[in-house]
Amino acid sequence: MNKIKALVFKENISGIIFVMPFIIGLICFLVVPLGISIYYAFCDYNILSDPVFVGLKNFKTMLNDELFWKSLSVTIFYTVVSVPLKLIFALIVALLFQKTTKIAGIFRGVYYLPSIIGGSVAVAVLWKRMFATDGTINQILHAMGVEKTISWLGNTDTAIWTLILLTVWQFGSSMLIFLGSLNQIPRTYYEAAMVDGAGKWRQFFSITLPLLTPTIFFNLVMQVINGLLAYTQCFIITQGQPMNSTLFYMVHMYNETFVYYKAGYGAALAWVMILIVGVFTAVLFATKKKWVYDGGF
Amino acid sequence: MKKRVIACVLALAMTAGLLGGCGSSGASDTDSQTTGDSNGDQIDLSMFWWGSQLRNERTQEVLDMYMEDNPNVTIEGQFSDDYWTRMATFAAGHTMPDVVQMVYAYMPQYAREGTLLDLTPYIEDGTIDMSNVNEEILNTGKVEDGIYGICNGINASALLYNKTLLDDAGIEIKDYMTMDDFINICREVYEKTGYKTSLSYGAMTSESYMQFVLRVQGKTLYGDGAIGVDSADQLEPFFDLYETGLEEGWLLDPSLYVERVRGQVEQDPIVYGSSPETMSWCGFYASNQLTSMQSAAPEGVEIGITTFPSDDIETAEWLNPSQFFSISADCENPDEAAKLINYLINDIDCNNVLLGERGVPISSVVSEAISENISEDDQKVVTFINDVVTPKSSAIDPPYPDQSSEIVSLLDSITEKVMYGELTAQDAAEQFLEEGNAILAGN
């Protein structure tokens, strides 16, 4: 009995007991499914019957899958365009509301709002209605004297841009992170710069921007990952139409798995995406030394 | 010290609770098994379907009626829009509800994978009474040597149209239109009223319309591990119609579909749109959708129903099982589930509530009995099936292969390219044949 007591009250044992609920959840709902999905990626699996091991077949299929390449290029284009735009907007708005006045607080809240309702279905539905042929955007354009009715979602040139715009509009969380680190830059730097005669622009490019690079880097990595894994906008607003010009990779994966019941191929697509996310992140980290300031303030 | 003990106990309790939570569903499963086996005890059944609000209400009502008549049976009804995703996960986990709604496109796959119960014994011993049902209709539920689904209503491909609009323009629609008749009407409507034409793409019925085109030539869409045609020329008439419409200007602008849920009657260009430019005079639907299309129509607009255009309607047209009821292979009380299906198919009180919302009832007795209670629109559908389609139809195509949903997506995406003018009808036919064959060959 004493032995058990001694065992239980050893610091690390009770620590382990405390984290057990989380560890069990992690193993049951993440590690095990992750392992199973690696196995499925090498199988023919239609969900209804048992998986059959087929080696690399799924990965070979991908090479000839037109939609795989199409959706991959759409997703990368979307990420490469929307992420920088989003970060620039977030930074500009953060700079505008940096001063803590009452009105700035309200504006911060208002601009953060789109991100709270973030990836939600409701916003996507709203967006779809706004950009419809008879939607708000066209009506505003009519009121401004534009004669032509533009089908924003139905045109292969504009459809992807409506999705990009939606993403850029949701810049709130990046803005908050920028605000946090903007307020950490010591005021004394700016005072010294002013004494030296530096103007506002000079201060921004010589002090603010370099000291913000760690935050920019963090935001960039997070947003690139989010961008590559984007799903809701496409699924709700366009379903990949018109002519697959807005087909996101994740939606293609969903279709293969749950519409065509090719879960093995779907799992393989998922693992390829994990590799792609890994490559993007690795490249970003490799360039980190070149432009990210990692000293203290 | 005391605090630590309490903390440890709490942590243990939480862990235990979590583990207990994981196991509880298994425990209740065995419970229901033991009660189900002994006679007279409480029997739990579950039923799963998809459909409109109207269907959910009516189905729940008849389940309540059944429970009232059979106090020892409890039925849990579930419905879902994300039906096939959930069905697949149910089947994979062996937790499929006892009675499920199926369609012709998916049932064979579920039957072949052993997830459905062969209903032949229940039909033979009379638990499910099929004596008033046409043999051909019963056989639509046949997969290999067993019957895995009981058809719960009959429908047929149907062209729904804005009758009020056409009456005002002085255009009359006759049943069994030929292709030329149809194209002439599309032109005439466009000239006189400005209304355009939405073809099978908008209503998500391209699969049926393609079958229409092929059956006339003695071909099927799904052959043995390939598209069932000899050459791409045979597929071309399908795309020709789109191409003609695009060239002549009466085809509805394809960009409109991106903004809507295709196949959903409330958003169909027949009843929804801001100007004639964005609306259609017709839509390629199924007969049982007339009722919901009529209720979605603005006041004063009457929706008419006729056959799809075809140069040889008798070979092209077929009577379609709108849906099936099947029993899960994991069902613990198959006898009770079979009784429930029998109730849904044969009971007159029950069908006086359902009123053919799933299609015209398959039992001739039931169909006759409810005819006086159904609304005018429902009556129109029954007349269409019995008097227009039945005399001029032939047997349905054999059950579809597992890849049929992929073929439908392919057909849609190629049709889309034709509508946007990116492909000619001829190129589209060739591309569909080539890529369709690759899918069906299992690549």
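The model is predicted: local features need pLDDT of at least 70, side-chain atom pairs count only at pLDDT 80 or more, and totals for chains, interfaces and linings use all residues. Residues are numbered from 1 along each chain as its sequence is written, chains are lettered from A and ligands numbered from 1 in the order written, and side-chain values use heavy atoms, with hydrogens and water left out.

**Whole chain**

Select chain B. It holds 20 helices and 12 strands (DSSP runs numbered from the N terminus: helices are H or I of at least four residues, strands E of at least two). The radius of gyration, taken over C-alpha atoms, is 25 Å. Of the 443 residues, 54% count as buried (under 20% relative accessible area, with a 1.4 Å probe and protein chains only; exposed is over 50%, partly exposed in between).

**The sheet**

Next, show the open sheet of five strands, ordered 2-1-3-12-6 with mixed pairing. Strands pair if DSSP finds at least two bridges between them. Strand 2 (73-79) and strand 6 (150-151) stand at the edges with a single partner strand each, so one side of each has no neighbour in the sheet. Select residues 43-49, strand 1: seven bridges join this strand to strand 2, and the two run parallel. B:Asp44 stands opposite B:Thr74 in strand 2.

**Helices across the sheet**

Angles run from 0 to 180 degrees between N-to-C directions, and axes are lines fitted to C-alpha atoms, for helices over the stretch in contact. Now helix 15 (residues 334-346): it lies across strands 1, 2, 3, 6 and 12, at about 170° to strand 12 (324-327).

**A helix pair**

Move to helix 10 (residues 206-216) and helix 11 (residues 236-248). They pack at about 115°, with axes 8 Å apart.

**Last stop**

Select B:Glu236, in helix 11. Is B:Glu236 buried or exposed? It is buried, with a relative accessible area of 18%. Leaving aside neighbours within four places in sequence, B:Glu236 is in contact (heavy atoms within 4.5 Å) with B:Ala425, B:Gln426 and B:Ala429.

Technical notes. The radius of gyration is taken over C-alpha atoms; the globule rule is 2.2 Å times the number of residues to the power 0.38.
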